Amino acid sequence: MLASVRSQLPGMETRELKRTLMREKTGCYTYPSMEDEVEGIARNIKKLVLEGMKPWEITVSFPVLTKYLPMVRRIFKKYGIPVNIGEYDLSASRPLTALDELLNCIAEDYPRNAFLSFLTSPYFPGIPDVLKERSVSYSYRAALSRGNSPGSP
């Protein structure tokens with residue numbers, strides 16, 4: 001799926017990073033506020049840098065970058081952590097739209113048209129070609145999906 005995302009965003013730069021530091025596990029932390037969250041992230045990054053990891057090998061992702069950005073700049077500067085901000089909105093890319101269709105199909109008990117859209121999507125290469133080719137005609141004739149009678153669109 002990553003290859004499909006890359007093909008939709010021609011200017012997107014990708015790099016494979018080599019792991020330079022072996023850690024036992026990655027922790028999961030909760031914080032009372034966004035400010036405390038960014039502070040905790042900065043402390044953990046600083047610890048990684050002191051353990052020998054290079055700052056450009058560390059990536060942090062936020063759910064809504066615009067909400068976090070002012071705090072990230074201020075707090076990371078306080079800890080001496082360089083910041084390189086990159087933002088990619090992948091929500092409208094075709095592979096993620098196909099994934100969204102799949103999740104909606106599961107949530108809605110597989111309605112026919114949405115499920116067929118998922119089954120025939122080129123972004124799910126694990127689905128056999130024969131199924132992609134024949135799923136529309138089979139489901140139309142057999143009314144295999146919920147809420148559809150034979151002959152209904």
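Is glutamate 35 buried, partly exposed or exposed, and at what relative accessibility? In this predicted model, glutamate 35 has 30% relative accessibility and therefore counts as partly exposed.

**Close-up 1. Salt bridge between glutamate 35 and arginine 74.** The side chains of the two residues meet with an N to O distance of 2.9 Å. Glutamate 35 belongs to helix α2 (residues 34-50) and arginine 74 to helix α3 (residues 65-78), so the contact ties together parts 39 residues apart in sequence. Arginine 74, at 45% relative accessibility, counts as partly exposed.

**Close-up 2. Salt bridge between lysine 78 and glutamate 39.** The structure holds 2 salt bridges, and in this one the closest N and O atoms are 3.1 Å apart. Because lysine 78 lies in helix α3 and glutamate 39 in helix α2, this pair also ties together parts that are 39 residues apart in sequence. Lysine 78 counts as exposed at 57% relative accessibility, whereas glutamate 39 counts as buried at 14%.

**Close-up 3. Aromatic pair of phenylalanine 62 and tyrosine 68.** The structure holds 1 aromatic pair. The ring centres of phenylalanine 62 and tyrosine 68 are 4.6 Å apart and the ring planes stand at 25°, so the pair is stacked; planes under 30 degrees apart count as such. Both phenylalanine 62 and tyrosine 68 are buried.

**Close-up 4. Buried residues of helix α5.** In helix α5 (residues 112-119), the buried residues are Arg112, Leu116, Phe118 and Leu119. Viewed down the axis of α5, these buried residues fall within an arc of 155°, so they line one face of the helix.

Conventions: Residues numbered from 1 in each chain as written. Predicted model: local features only at pLDDT ≥ 70, side-chain atom pairs only at ≥ 80, totals over all residues. Heavy atoms only, no water. Phe/Tyr/Trp six-rings, centres within 6.5 Å; stacked < 30°, edge-to-face > 60°. Buried < 20%, exposed > 50% of the residue type's maximum accessible area, 1.4 Å probe, protein only. Helix = DSSP H or I, 4+ residues; strand = E, 2+ residues; numbered from the N terminus. Arc of directions from axis to C-beta. Salt bridge = Lys/Arg side-chain N within 4 Å of Asp/Glu carboxyl O.
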